[in-house]
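Let's take a walk through this fold together. Have the sequence and the 3D view open side by side as you read.

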Amino acid sequence: MLARSTFHRRSAWIAAVVVFVAAASASTQAATSGTVVTATIPTATSVSNAGCRPGTSATEFGSVTPGSSVVLAAGCTVTFGSSNGATQLRLWQRDRRGSALAAPTTGTPNSGWGSSGVSTVDDAGQDYAPRIALDRTGLLVEVNDSATLLTRRLLSNGTPDPGFGSAGVLGPPPLPTFHSADDGWDVLVDAQDRILVAGQDYDGATYDAFVARSTPNGGWDPSFGTGGVVTFDQVLAGDDLAVAVEQDRAGRYLFLARGDLGTTRQWRLTRLREDGGLDTSFGTGGHVIIGGAPNEDFLYRHRGQVFVQADDRIVVVAITNGVSSDLYATRLLPDGAVDSSYGTGGSTTFDFQGDRDIVRGAGVDDHGRLTMAVSTRTGSTWTLGTARVDPNGVPDTTWGTGGKRLYPSVVLVQHQEGDAFVEGDGSVMYVGATPNGVDADAIGVRLRNDGSIDTTFGSSGMLVVGGVGDNGARSIVRGVDGGYLIGAYSGATVSEIWSYSSHAIDDWNGTTRTWGTAPSMFAACLRAVSGAAAGWAVDANADCTTADPGWNGLPADATLPAALVASTATPTTTATATIQFGLKISSSQVPGRFLAPIAFEVVAT
């Protein structure tokens, strides 16, 4: 995922009352009028993990022999700061639960989730696999692509959250013309735990794109748009579909939609203010037409994705128009102008087999590389393809040939969606559907960080889940401790959330698990911090400067006291922190390759 600076905004209000009074005799009434001029000034924060990338001597333990311990000599260096506020650096787990260091699942169902790893979220009538996302506490949010367009929140065991909506369920958004053909195509949990749903609203003749927002507790938010909904008809008398929604660092929303009118098709990126109004400072009147458009109709169930970089530049993944549909990535400046420094003139295009390529998922790793997954066609056969570009949009020549790879053994279903999750080290988990006679089975494929199939997953790198009728998977997020949560469907009529588990190495916690006594332990400590005019406040228990380092476990949430690495009351734009990692392995530790997805967060107060 992209390194992102999360911040609390501090507002400064500038007010003036202007009163005009005309000179008059004592018997004359004076007319008065006034106004208040206001301005909100956010804190300006930044963070860079350039000195702490995966696969370096600062983050790679390599092979650790059971019964031994290793402390990485090279420090992991993070550059951060805030130009106009007191600065804090926080360190925490990206999966927000469990232990920090865990092995990716090999395909074992999570017995603590639903029934044998399956939570059924069935609605009346025909269901499709839901889109899913996690909130900041690790609770799962899903929007169902079915005749009812319901939104749910599930607890960590896969049961409905009684504190959300009505018994864990929120009814359809208040769309202008709710119809059984209305669909939810993407879901986002924003920085305030409000839920954004993007999709299509059918009026009986055509579709309009919509974005709806719910409060954290499950009620459509009246402070957003009209009754909680914003709709757009971008191609008059044609069909529109919002396929992706994202939030930037200023709290604004970006959503990507495609418009369809006969042979006229286009992608359009729209930016909304936090209240749902158009941000007219972006593009033309709040919109940017993306240079590329789908060549096929809705049958192919296109996806697109939007990513906001730490510098507020915007990366859009979609497909181009033409005789064949090709994979397309472009980058925009914060104001919506094309960033000509990205790829070739602002974009990068991949053609896999000279025929149609359909975006299925994408993600950004901790090197800043963008990896994209497609279903690609040759003749009548659709298979999996992937492509990777560096942070500047240049094809990564270490990934297959010219930055792309084909997987002929992974056969996909033409019209069924899929998704991809990209780990911080660049490895990928893809989910979708594969043909099985006249029906389809759900499929999962894991790729190593060089793009090759990871044969330790499932059976020779693939996990196939079948059943009666059509089965498939539509979305994926990383769960707790190396596991995954997958939005799926069974028998083409029942929506389900599947959970797969793995095994983890415990965190140091200073009481029951210390460096001297724990059977296996992962920990971090702060070696040094510098860059402010005033001194830094450092937790002595996490200080590496002592002869016996003060190790610390990695907390599950940025708000926990243990997440605070260092702080200073003086604003600084160029602070540097050096983090050191330690690992102790017991003689009986389960083998495997373990990953610790870590987040660095800068908070200005």
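Leaving aside its neighbours within four places in sequence, which residues is Glu423 in contact with? They are Asp365, Arg478, Tyr484, Leu595 and Pro597, where contact means heavy atoms within 4.5 Å. Before going further, a word on the ground rules: this is a predicted model, so local features need pLDDT of at least 70 and side-chain atom pairs count only at pLDDT 80 or more, while totals for chains, interfaces and linings use all residues. Residues are numbered from 1 along each chain as its sequence is written, and side-chain values use heavy atoms, with hydrogens and water left out.

Back to Glu423, then. You'll find Glu423 in the loop between β28 (419-422) and β29 (428-436); strands here are DSSP runs of E with at least two residues, helices are runs of H or I with at least four, and both are numbered from the N terminus. Glu423 has a relative accessible area of 4%, so it's buried (buried is under 20% relative accessible area, exposed over 50%, partly exposed in between, with a 1.4 Å probe and protein chains only). Its side chain makes a polar contact of 3.0 Å with that of Arg478. A polar contact is a pair of N or O atoms within 3.5 Å; within protein, one must be able to donate a hydrogen and the other to accept it, and residues adjacent in sequence count only if both atoms are side-chain atoms.

Now zoom out. The protein chain has zero helices and 40 strands. Of its 605 residues, 55% are buried. Take the contacts between residues at least 6 apart in sequence: 60% of them join residues at least 24 apart.

Strand β4 (residues 87-93) is joined to β40 by seven bridges, and Leu89 stands opposite Val602 in β40.

What about the greasy parts? A nonpolar core is a set of buried Ala, Val, Leu, Ile, Met, Phe, Trp, Tyr and Cys residues joined through side-chain atoms within 4.5 Å. The largest one has 37 residues, and Leu256, Leu269, Ile290, Leu327, Leu370 and Met372 touch the most other members. The strand that gives the most to this core is β21, with six residues. A second, separate core has 33 residues, including Leu72, Cys76, Phe522 and Phe581.

Finally, the charges. Side chains of opposite charge can pair when their charged atoms come close. Counting a salt bridge as a side-chain nitrogen of Lys or Arg within 4 Å of a carboxyl oxygen of Asp or Glu, there are 23 salt bridges. One of them joins Arg153 to Asp161 at 2.8 Å, N to O; Arg153 is buried at 9% relative accessibility, and Asp161 is buried at 8%. Another pairs Asp339 with Arg313, with the closest N and O atoms 2.9 Å apart. Asp339 lies in the loop between β22 (327-332) and β23 (347-350), and Arg313 in the loop between β20 (305-308) and β21 (314-319), so this pair ties together parts that are 26 residues apart in sequence. Arg446 and Asp454 meet in a salt bridge too, at 3.1 Å, N to O, and both residues are buried. To finish, pick out Asp248, Arg252, Arg271 and Asp279, which are linked in a network of salt bridges.

Technical notes. Pairing = 2+ DSSP bridges.
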